[in-house]
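Please examine the structure shown below. The paragraphs that follow lead through it step by step.

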Amino acid sequence: MFKRQVRWAMRVAAVGLLAAVPLWSSAASRADEPGVTDKTIKIGILGSLTGPLAVFGTGNLAGATIAFEEANAAGGINGRKLEWVSLDDESSPPKGIAAYKRLVDQDKVFAVFGPAASAVGQALVPTFKAGKTPTFISVFSTPAVTEPIIPNVFRTGPMNDRQQGIAIADYVLDHLKAKKVALVKQSDEYGKRGGESVTKRLTERKVSLVSDETFNISDTDFTAQLTRVIQTAPDVLIVYGYPNPSAIITRQAKQLGLKAMIMGANSAGSRKYPEIVGAAAAGTQNIVTLKVLPESNDPAAVKFRTTFEKHFPDLARQGRPDLGDVLGYGGAQVFVEALKRAGPQLTQAGFIKALESLKNYETALTLPTTFGPGIREGNQAAKVVEIQGDLSRKMLPEVVRATEGGTK
Amino acid sequence: MLAQVLVSSITAGAVYALIALGFVLIYKGTGVVHFGYGDQVTFGAYLVLIAQALIGLPFWPAVVVALVASVLLGALIYGGLMWPLRNASLLAQIIASLAMGTVLREFVRAYMGPSAWPFPFLLSPAPISVFGILVVPANLAIVGVSLGVLALLFLLFERTFHGKAIMAACDNRIGASLIGVQVSMVFLAIWILSSVLATVAGVLVAPLLTLSPDMGLIGIKGFTAAVLGGFNSLPGAVIGGIVLGVLEALAGTYVSSALKDMISYGILIAVVLVRPQGLLGVLAMKKV
């Protein structure tokens, strides 16, 4: 038994040596750098492509695919072409962990772009910490992956839910000049974290909520909560929840005669959201972590739409590109820029240094990115969208920030 | 305030009732608990969107096409799944129904996308004030249709020869076939009828609940309403639905909106413990 194990171990060692020989001869300096050859850099793309969390996973993949193909078409990264492997975590945290490990251990990728859902990202935190593979997040917003920071994990695009809460609270006080603020929040992790952050910020600024209500994600009737909110006659009602309940709340609030302005989080930032709500959406606002709306006439948006529709006609039919696609694309552009800055002697440590060198790096559609030693949340700002009478969306000029000192 | 909450909760209850009716119809008619029914309701609403997108039809003709398509879907479910499984255990049939729901749900997610779709209200969503209580016509339609469907199914089962044949076929397959009832045709009819009912429910509730692949979660509430009503009683399904809606609203108003599911389901457990046959159910007893 023991003899057989030794023989097996020796055979493995021999195969390892044989495999390593060509690496020594052709790429001596990068022998231990996963995913890098003279001609290619291998990237793993991880996201929920099926299951209930698929909204953003498909955007993460589509955006990255377009940005990586553009980089290859423009000559690649310092002479190397990008190659990528995409894995689906099926909206399941355990499968996400398995897929991430497979990308790192089996496919030996240089870096991972993803995952694309908060639940999966949160579950992966110990795995992130245990490894050193650079991991770049572009679409989900749980603070768990950046607070406290993990040296090899970066995010840009959506600011995290805690910061969104701060930005919303400041915006409501500074721009909407609200005196009486009400809050309706989802009872899960997402709504709780964002809602508590709103409350904390308001308290810091000596404003207390006139009404603080909770709902469950599968609720369909919000009369009880909304009736209590209406009795307190707020100027602004902040709705912190997923798009579907938020849409129903907005509709029922108008039906019950709420006069307050309704303000939503990034999750209400989808292109189709106004139509899903219907006429009641007119006049409501929500924050959106983009520089340019995907449906706008901005030349960069038009160009992205055209490319997207050509690449993914099936997704375009579903009303895409949308928030997740643009965030995925913008994130992948930042990712590509850092790969270029890391230079021809590409190493994972060098790539992390290059990411940290990005200061106010602008992309065409997303907000500027700043990383640094100790800074892993690349974007800490958002813009505000106002839904018009014809249900189109208008980007307001204000930029709301999650930093001290409120909106600027 | 209480009056407004109660009026609104009846709409929520009517949605549960409409779906509960589907559960009870299938159970009464074929003996299967169709756990994929919520997803089938969602799929019914998506059929309208698919007809609009694929054939380019306006809304109402698309609804007609969806209803016709759901007849075919019902026939397909029976012919392709339930007929081959007719001699399998009940558990296998239930698992098959669950799997079918997953197939439908993941199909719409892949084909129509994971995010929500706008879906028009059949009647105006603008409220009308009746004695100071706001009433929404679109919601009244759901209550009306639930009661209408209940009345139709009730007449069918209790007052017609065919309905009696269905009950006979379900109670005793061999006995019914001995006296000339074509059991397979009866089951086929039930699956088609329930499939059409799913589409009707889907079209009505989609604008209210927001249509997305996960709208079928409402099936759990429908199932609960059916259990509350006794699971083999059509009026019980409607009463169960309304009771569940009102319970949720009262718990949300007077106790806590975050705890309302816990409270209303806690009451459900209590009801089932005290009255296992449900509010209107008849206790099935085997005489030996």
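The model described here is a predicted one. Although A:Glu90 is not a glycine, its phi is positive, at about 55°. A:Ser91 belongs to the loop between β2 and α3 of chain A as well, and A:Ser91, also not a glycine, has a positive phi of about 65°. Most residues other than glycine have a negative phi, and most peptide bonds are trans.

A:Ser91 has 22 other C-beta atoms within 10 Å, so A:Ser91 is buried.

Cis peptide bonds form a further topic. One joins A:Glu147 and A:Pro148, with omega about 0°; A:Pro148 is found in the loop between β4 (135-137) and β5 (153-155) of chain A. Another cis peptide bond runs from A:Arg320 to A:Pro321, with omega near 0°. A:Pro321 is placed in the loop between α11 (313-317) and α12 (323-341) of chain A.

The next step is the division of the chain into domains. Domain 1 of chain A comprises 33-159 + 297-377, and domain 2 comprises 162-288 + 383-401. Their C-alpha centres lie 30 Å apart. In the contact between them, 8 residues of domain 1 of chain A meet 10 residues of domain 2 of chain A. On the side of domain 1 of chain A that touches domain 2, there are 4 nonpolar, 3 polar and 1 charged residues.

Chain A also contains an open sheet of 7 strands, in the order β7-β6-β8-β9-β10-β11-β12, with mixed pairing. Which strands lie at the edges of this sheet? They are β7 (211-215) and β12 (393-401) of chain A, each of which pairs on one side only. From one strand to the next, the twist averages 25°. Strand β11 (residues 381-387) of chain A pairs with β12(A) in the antiparallel sense over 6 bridges, and A:Ile387 stands opposite A:Arg393 in β12(A).

Helices pack on this sheet. Helix α5 (residues 161-174) of chain A touches β6 (181-186), β8 (236-240), β9 (261-264), β10 (285-288), β11 and β12 of chain A, and its direction makes about 105° with that of β12(A). Helix α8 (residues 243-255) of chain A lies across β6, β7, β8 and β9 of chain A and runs at about 155° to β8(A).

Attention now turns to chain B, where 32 residues are in contact with 30 residues of chain A. Helices α1 (2-30), α4 (90-112), α8 (183-209) and α10 (234-254) of chain B each supply at least two residues of the side that touches chain A. The largest share, 7 residues, comes from α1(B). This side of chain B divides into 17 nonpolar, 11 polar and 4 charged residues.

Within chain B, the axes of helix α2 (residues 37-55) and α4(B) come within 8 Å and cross at roughly 35°. The crossing of α2(B) past α4(B) is left-handed. Among the residues making the contact are B:Phe43 and B:Tyr46 of α2(B) and B:Leu104 and B:Val108 of α4(B). The contact residues comprise 6 nonpolar, 4 polar and 2 charged.

Notes:
Residues numbered from 1 in each chain as written. Chains lettered and ligands numbered in written order. Predicted model: local features only at pLDDT ≥ 70, side-chain atom pairs only at ≥ 80, totals over all residues. Contact = placed C-beta atoms within 7 Å. Helix = DSSP H or I, 4+ residues; strand = E, 2+ residues; numbered from the N terminus. Nonpolar A, V, L, I, M, F, W, Y, C, P; charged D, E, K, R; others polar. Axes fitted to C-alpha atoms, helices over the stretch in contact; angles between N-to-C directions. Left-handed = near helix turned anticlockwise from the far one by under 90°. Domains from an automatic or database assignment. Buried ≥ 20, exposed ≤ 12 C-beta atoms within 10 Å, placed from the backbone. Pairing = 2+ DSSP bridges.
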